[in-house]
Amino acid sequence: MYGARLIVLSFLLSLCVDTLARETVLDRVINIQQSVLEVPEVARREHGLDLDTKRVDVGDATLYVEQQGTGVPLVLINGGPGGTHHYFHPWFSRASEFARVIYYDQRGTGLSDFEPGESGYSVEQAVDDLDHLRQALGVDNWVILGYSYGGFLAQYYATTYPERVAGLVMVGSHPGLWAELGDSRQYDYLSEVEKERIRSVQKQIIEMGKENNWPRETLIQKILFNNFMNGDWKRQYFYKPTPAEIATIARYEWVNELGFNGDMNRSADRVNLAGAFVRSPFQTLILEGKWDLTWGKEKPAILADNHPHARVITIDDAGHKIFSENPDHFFGELEQFVRNLAPVSAQSLAVYQHDLTAWRGAWQESPRFVILSAGPGKRGSEEIVAAYTKEWAEQISWLNELQRLGFALYDARRFDDALAVFLKFEQLAVEESSETDAAIALIWQGHILDMLNRRNEAVVLYQQVVEMNLSDSTQHDEYEMSYVFSDHAKERIQTPFTYIENVLP
């Protein structure tokens, strides 16, 4: 174990000899690179660590797994979606002094199989894979540690397999709630010069990629490295990473199959963890970085409120990646938590499992769950309309879901109901100061009024969009429509809208 700690200390020293002189996000130093930089060759951080590596069969895919240390099993779930276990090296070697640390890559990422299976990538698949991994490793129950998006996945695992959870740790965690988390602060310390350079260098790299036929992996590595070198690190880090650290991030921490991120985000959006942990029987530790700018300032309190019995620690001089920026404080808290875990009683577990049945039924019957679970095509519209009641328009407070509901009712030719939904959509867009969403609402109200032969009212709405003078565009793939807002409204003043079928199955 001494050797593992020595490797970690050596690595930290190599990042910056004089830690007192390390640049922080608060310094607001601007350092623009004048050209596109090549990504340096750097070794994976596993090299030199005492790891037991293997591939584990979870049924229809194999996962890459590493283990280190002995004692209480501690499984680490990385961020993303789409990140890899490489985030955790070499820092979690310190945890191997008091736990059996289990690292793994989720299917579709890192060194695991890129195999979506019959149902496609989803959070349900991810937690089932995790439990298959537990069984294959001969673990009865374990401490689940989730970082960022992995914190959401850890919580969802805990609600799916609570009998297998010895403790729950969330690190800079996504809360998994249908709640307003405040405006992200990721760009608060980025200058306009840096933002512009990041946009331009990314565009330049994409053009170079087309010219040179670069594979997707190369393109992502170059974009990540050059973005960070032009200040993008300030969005999530407190201390500026070295070029070698940035190269490691670019090469090894964001490896995934095309489409993985979108599939997992859509799947996660269907889950509402609100109220899921009121009587959770396992001990819970929430670790937050004082300078984690990923969400608004309200996020830590919102997450803590959903875990009323959790121990909440805020760590100074740390951003989103807490364990790498203030490791002494972080691993001190983690060791205390793991070493002092109390057994979960059978009685409290039974009570909690009963609670989870009621919790799961409540959010899976909600309008938002029904809408998000339905696809964008005709079949999805039929599912939505079959469950729809007129109260839904008042219960939904999310623009995307209101738009999808309006389209479903339009597909079913329930034009009066669709009109009411797009009126609510307009009200919400105005409240959120979203001019383009307000334009979509007005255009689709006009379309529906044309369907109802209320032509004069439709023209009034189209004229409002013309006067907005919007050159922005949008598209609706299900109707094979793409239009510039004000130009489309001018056309509709001249020619009434006629019904268009949803072309997706």
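Which residue with a positive phi follows α18? That residue is N469, with phi near 50°, and the views below take in α18 and several other parts of this predicted model. Residues are numbered from 1 along each chain as its sequence is written, and side-chain values use heavy atoms, with hydrogens and water left out. Because the model is predicted, local features need pLDDT of at least 70 and side-chain atom pairs count only at pLDDT 80 or more, while totals for chains, interfaces and linings use all residues.

**View 1. Confidence along the chain.** The protein chain has a mean pLDDT of 93, and 96% of its residues reach 70 or more; pLDDT is the predictor's confidence in each residue, from 0 to 100. Over residues 6-12 the pLDDT is below 50, and this stretch has 11 contacts in the model beyond near neighbours in sequence (contact means heavy atoms within 4.5 Å). Residues 14-19 also stay under 50, with four contacts beyond four places in sequence. Where pLDDT is low, the predicted coordinates should not be read in detail.

View 2. Helix α18 covers residues 455-468; helices (H or I, at least four residues) and strands (E, at least two) are DSSP runs, numbered from the N terminus. Buried in α18 are A458, L461, Y462, V465 and V466. They cover an arc of only 150° around the axis, so they sit on the same side of α18; the arc is that of the directions from the helix axis to the C-beta atoms. Buried means under 20% relative accessible area, exposed over 50%, and partly exposed in between (1.4 Å probe, protein chains only). On the face turned away from the buried side you will find the exposed residues N456, V460 and E467. The cover over the buried residues includes α17 (435-451) and α19 (485-494).

**View 3. An open sheet of eight strands.** The strand order is β1-β2-β4-β3-β5-β6-β7-β8, with mixed pairing; two strands pair if DSSP finds at least two bridges between them. At the edges are β1 and β8 (311-315), each pairing on one side only. Strand β1 runs antiparallel to β2 (residues 62-68), and six bridges join them. Within this pair, R55 has Y64 of β2 as its bridge partner.

**View 4. Helix α3, mostly covered.** In α3 (residues 149-160), 11 of the 12 residues are buried, including Y149, F152, Y156 and Y157. From first C-alpha to last, α3 reaches 17 Å, close to the 16 Å expected at 1.5 Å a residue.

**View 5. A buried glutamate in a loop.** E23 lies in the loop between α1 (2-15) and β1 (52-57). Its relative accessibility is 19%, which means that E23 counts as buried. Leaving aside residues up to four places away in sequence, E23 touches V29, W233, F238, Y239 and K240.

View 6. Most residues other than glycine have a negative phi, and most peptide bonds are trans. A cis peptide bond joins G80 and P81, with omega about 0°, and another cis bond runs from H89 to P90, with omega near -5°. N213 has a positive phi near 55° and, at 67% relative accessibility, counts as exposed.

Terms used. Expected span 1.5 Å × (residues − 1).
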